[in-house]
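Please open the structure in your viewer and keep the selection tool at hand.

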Amino acid sequence: MAEILSAIPTSGGPYFWAYMLAPPEHAPFFAWITGWFNLIGQIAVTTGIDFGLANLISITASVSNGYQATAGKTLAILALILVSHVGVNLISVRRLRLMIYTSIALNTLGVVCMVVAVLAKAKTHQSAAFVFGKFFDGTGEDGPGWSIRASPAYVAACGVLMSQYTILGYDASAHLCEETRKAVRHAPVGLLSAIAGSTGMGFFLIIGMLFSIEDFEAVRTSPLPVLKILTDACGEGGGLVLMVLIMLCTWHCGLFSLTSNSRMMFAFARDGGIPHRLHIIDARFKSPIRTVLFGAICSFLLALPVLGSQAAYNGTTSIATIGLYISYGIPIAMTLAYPHNFKRGPFRLGRASKIIAAVACLWIGILTVVFCLPAVNPVTSQTFNYTSAALGIVGLFAFASWFLWARRWFTGRCRDHCRVCIRQLDFLGEGMVGRTDSTDSEGRHDRHHRLKSSESTGLKRTDQK
C-alpha cells in the first residue's frame with residue numbers, strides 16, 4: 001500500500017487506486033465497490049474505537065465508585081465523545097497537527113512510563129513460561145470452548161481479530177496526503193513508521209501487562225481485566241490514573257479515525273460516490289465540516305445495535321476489519337493482475353513488490369473467512385457472529401446499486417484528483433501518469449497518457465502564487 005500511495009497520492013485512497021490500476025472499461029466499477037467497502041469500514045472503525053472508549057469509562061466508573069452503568073448511559077457517553085471529536089475537527093489543519101504530536105507523545109512516552117511503573121510496582125511477576133506458553137480458551141460460555149469443540153488453532157484464529165483490528169487504518173496516510181507536502185515521499189514513510197511504532201509499542205505493552213498479572217483467575221473474571229492488573233500493581237489511585245492515560249490514548253485514536261473518515265468521504269463525494277453536497281470545504285474552518293458531521297452521525301447510528309450484546313460489538317470490529325481489508329486488497333490485487341497500469345512513484349519495493357502483494361492478498365482472503373466465524377460457544381442469537389450478514393448487506397448494496405443505476409453516471413474520478421497528484425509530484429519535479437477516457441483512431445481505450453506539460457506548468461504557476 002505504501003508503494004501504491006507513493007504513485008497515487010490522493011485523499012480518495014483505495015477506491016481511487018483501484019480506479020487508476022484497473023482496466024479503463026472496468027475502472028469505475030472497481031472504484032465504486034472499493035469505495036463503499038472502505039466507507040463502511042471507516043465508519044465501523046470509528047464506532048468500534050469510540051464505543052470501546054465509552055465502555056472503558058463506564059466500567060471504570062462502576063468498578064471504582066459504584067456507578068451503575070446502563071446501555072443508555074453508555075450511549076450518552078459515546079455521543080459526548082463523538083461531539084468532542086467533531087469539535088476538535090473544526091479547528092484548522094495546522095492546529096490539528098499539534099494534536100497529532102500530543103497523540104504520539106501519549107502513545108510512546110506515556111505507554112513506556114505506564115509499563116515501567118506497573119512492572120516496578122507489581123508485587124510478583126509471572127514467569128516467561130506463563131507469558132509465552134500458557135494457553136487459555138475463553139470462548140466458552142458456561143461450558144467448553146472452541147478448543148474442545150474444534151481445536152486450539154480455531155481459538156487462535158479468532159484471537160487474530162483484535163490484533164488486526166488494532167493495527168488497522170493503513171489508508172489514513174492516504175486520506176490526509178492532500179494536506180501533506182511532498183506526500184509522494186512522506187506519506188508512505190508515515191504509513192510504514194506508524195505500523196512499526198504501533199507494533200513495537202503494542203507488543204511492549206502486552207508483555208508488560210502479562211508479566212505483571214498477580215492473580216490470573218481474578219484478572220480473567222474481572223469486568224475490566226486491564227484495570228485489575230493496574231490496581232493490583234499500583235493501588236486503586238495509581239491504577240485509575242494509568243487508566244485515564246489509556247482513555248486519553250483511545251480518545252486520540254478515535255479523533256484521528258474520524259478525521260481520516262471525513263477526508264475519505266470528502267474525496268468520495270468529490271468523485272460522485274456519495275452526495276456531492278458533502279464535498280464542501282467550510283470557508284471559516286477550512287475543513288470538510290459536512291463530512292465530519294456525517295461521519296460522526298453514521299458512527300453513532302452504527303453503535304445502536306451494539307447495545308444488544310457483546311457479540312454485536314465483536315461484529316462491529318469484524319465489519320471494520322474486513323471492510324477495510326477488502327478495500328485494501330482490491331487495488332493490491334490490481335497491481336498483480338494489471339502490472340502495466342502500475343506506474344510506481346519514488347517509494348519502490350523492487351523485486352519484492354509482487355511477492356509482498358501476493359502474500360497480502362492471500363492473508364486478506366484468510367481474514368475475511370476467519371472473521372465471519374462464531375467466536376463464542378455455544379452459538380445462540382446473542383453469540384452468533386453477524387459479520388457475514390452485515391457484509392452481505394454491504395456487498396449486495398454495492399453491487400446492486402452499481403448495476404441498477406451507478407454505472408450510468410459514476411465515472412470514478414474528477415479532474416481535481418489528477419491535479420492533486422500533479423501538485424504532489426511537482427514538488428519533486430517528477431511526472432504524473434494519469435488516465436484518459438479518450439480512444440485512439442481504432443476505437444481502443446488509451447490506458448494512460450502523460451498530462452500535458454502546459455497544464456502542469458499552469459499548476460506550478462498557481463502553486464507559486
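Is Thr180 buried or partly exposed? Thr180 has a relative accessibility of 30%, and therefore counts as partly exposed. Please bear in mind throughout that this is a predicted model.

Select Thr180, which is found in the loop between α9 (172–175) and α10 (183–211). Although 171 residues separate Thr180 and Pro9 in sequence, their C-alpha atoms are 9.8 Å apart in space.

**Second stop: α3 and α12**

Two packed helices are described by the angle between their axes and the distance between the axes. Select helix α3 (residues 27–65) together with helix α12 (residues 225–270); their axes come within 9 Å and cross at roughly 155°. An angle over 145 degrees counts as roughly antiparallel, and α3 and α12 are therefore roughly antiparallel to each other. Their contact comprises 22 nonpolar, 11 polar and two charged residues. The crossing in which α3 passes α12 is left-handed.

The crossing of α4 past α13 is right-handed.

Select Leu278, in the loop between α12 and α13. With a relative accessible area of 12%, Leu278 is buried, because the cut-off for a buried residue is under 20%. Ala267 lies 11 residues from Leu278 in sequence, and the C-alpha atoms of Leu278 and Ala267 are 9.3 Å apart.

Select helix α8, residues 152–166. This helix of 15 residues reaches 22 Å from its first C-alpha to its last, close to the 21 Å expected at 1.5 Å a residue. Colour its buried residues, which are Tyr154, Val155, Cys158, Leu161, Gln164 and Tyr165.

Select helix α15, residues 352–370. At 1.5 Å a residue, its 19 residues should span 27 Å, and the end C-alpha atoms of α15 are 27 Å apart, which agrees. An α-helix has 3.6 residues a turn, so residues three or four places apart point the same way. Colour Ser353, Ala357, Ile364, Leu367 and Val370, which are buried in α15. Where do these buried residues fall when seen down the axis of α15? They fall within an arc of 150°, so they line one face of the helix. Then colour Ile355, Val359, Leu362 and Val369, the exposed residues carried by the face of α15 turned away from its buried side.

**Last stop: Pro378**

Continue into the loop between α15 and α16 (387–404), where Pro378 is found. Most peptide bonds are trans. The bond joining Asn377 and Pro378, however, is a cis peptide bond, with omega about 0°.

Key: Residues are numbered from 1 along each chain as its sequence is written. This is a predicted model: local features need pLDDT of at least 70, side-chain atom pairs count only at pLDDT 80 or more; totals for chains, interfaces and linings use all residues. Side-chain values use heavy atoms; hydrogens and water are left out. Helices (H or I, at least four residues) and strands (E, at least two) are DSSP runs, numbered from the N terminus. The expected span of a helix is 1.5 Å times one less than its number of residues. Buried means under 20% relative accessible area, exposed over 50%, partly exposed in between (1.4 Å probe, protein chains only). The arc is that of the directions from the helix axis to the C-beta atoms. Axes are lines fitted to C-alpha atoms, for helices over the stretch in contact, and angles run from 0 to 180 degrees between N-to-C directions. Angles under 35 degrees count as roughly parallel, over 145 as roughly antiparallel, 65 to 115 as roughly perpendicular and the rest as oblique. A crossing is left-handed if the near helix is turned anticlockwise from the far one by less than a right angle, and right-handed if clockwise. Ala, Val, Leu, Ile, Met, Phe, Trp, Tyr, Cys and Pro count as nonpolar, Asp, Glu, Lys and Arg as charged, and the others, Gly among them, as polar.
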